[in-house]
Amino acid sequence: MIVVLILGILVGAATPSFLRARQSSQTKMCLSNLYELDAATDQWAMEHMKVGTDVPVRADLQPYLKSWPTCPSGGVYVLHSVDEAPTCTSGGSHSF
């Protein structure tokens, strides 16, 4: 009985730490994906002589990416003009 109690206390203490680590890794992955999309947008703009107000679509950036990134938090990436960074629709602070 004491062993079960001790294990319960340890699991209860460790769970919040695991949840924070999961959230942190999801945020870092989302930010990495946003940087990748921003770099692809910049490369597309340079190669096609686009100005800062031009907005790429997914098909424009596909040649510059191995695969289209997905948000680990379930958000959707939104592309903006060349001068603006892409954003994520997830509720977290996934923007740079």
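A disulfide is a pair of cysteine sulfur atoms within 2.5 Å. By this rule the count is 0 disulfides. Cysteine 30 is in none either, since its nearest cysteine sulfur, in cysteine 88, is 3.6 Å away.

The model is predicted: local features need pLDDT of at least 70, side-chain atom pairs count only at pLDDT 80 or more, and totals for chains, interfaces and linings use all residues. Residues are numbered from 1 along each chain as its sequence is written, and side-chain values use heavy atoms, leaving out hydrogens and water.

The cut-offs are under 20% relative accessible area for buried, over 50% for exposed, and partly exposed in between, with a 1.4 Å probe and protein chains only.

Now take helix H1. Helices (H or I, at least four residues) and strands (E, at least two) are DSSP runs, numbered from the N terminus. H1 covers residues 2-47, 46 residues in total. From first C-alpha to last it reaches 68 Å, close to the 68 Å expected at 1.5 Å a residue. That expected span is 1.5 Å times one less than the number of residues. H1 has a kink of about 25° at alanine 14, shortly before proline 16. The bend at a residue is the angle between axes fitted to the seven residues ending there and the seven starting there.

Which residues of H1 are buried? They are Gln26, Thr27, Cys30, Asn33, Leu34, Leu37, Asp38, Ala40, Thr41, Trp44 and Ala45. Their cover includes helix H2 (58-61), strand S1 (77-78) and strand S2 (87-88).

In soluble globular proteins, nonpolar side chains tend to be buried together. Here the largest nonpolar core has 14 residues. Such a core is a set of buried Ala, Val, Leu, Ile, Met, Phe, Trp, Tyr and Cys residues joined through side-chain atoms within 4.5 Å. Cys30, Leu61, Leu65, Trp68, Tyr77 and Cys88 touch the most other members. H1 supplies the largest share of this core, 6 residues. Leucine 61 touches Leu37, Ala40, Thr41, Trp44, Pro56, Trp68 and Leu79, not counting residues up to four places away in sequence. Contact means heavy atoms within 4.5 Å.

Asparagine 33 sits in H1. At 5% relative accessibility, asparagine 33 counts as buried. What does the side chain of asparagine 33 have 3.2 Å from one of its polar atoms? The backbone oxygen of threonine 70 lies there. Leaving aside neighbours within four places in sequence, asparagine 33 contacts Pro69, Thr70, Pro72 and Tyr77.

Tyrosine 64 belongs to the loop between H2 and S1. With neighbours within four places in sequence left aside, tyrosine 64 is in contact with Ala40, Gln43, Trp44, Glu47 and His48. Its side chain makes a polar contact of 2.8 Å with the side chain of glutamate 47. Another polar contact, of 3.4 Å, joins the side chains of tyrosine 64 and histidine 48. A polar contact is a pair of N or O atoms within 3.5 Å; within protein, one must be able to donate a hydrogen and the other to accept it, and residues adjacent in sequence count only if both atoms are side-chain atoms. Tyrosine 64 and isoleucine 6 are 58 residues apart along the chain, and their C-alpha atoms are separated by 53 Å.

Finally, two methionines. Methionine 46 is in H1 and is exposed, with a relative accessible area of 67%. Its C-alpha is 64 Å from that of valine 3, 43 residues away in sequence. Methionine 49 lies in the loop between H1 and H2. It takes a positive phi of about 50°, although it is not a glycine. At 75% relative accessibility, methionine 49 counts as exposed.
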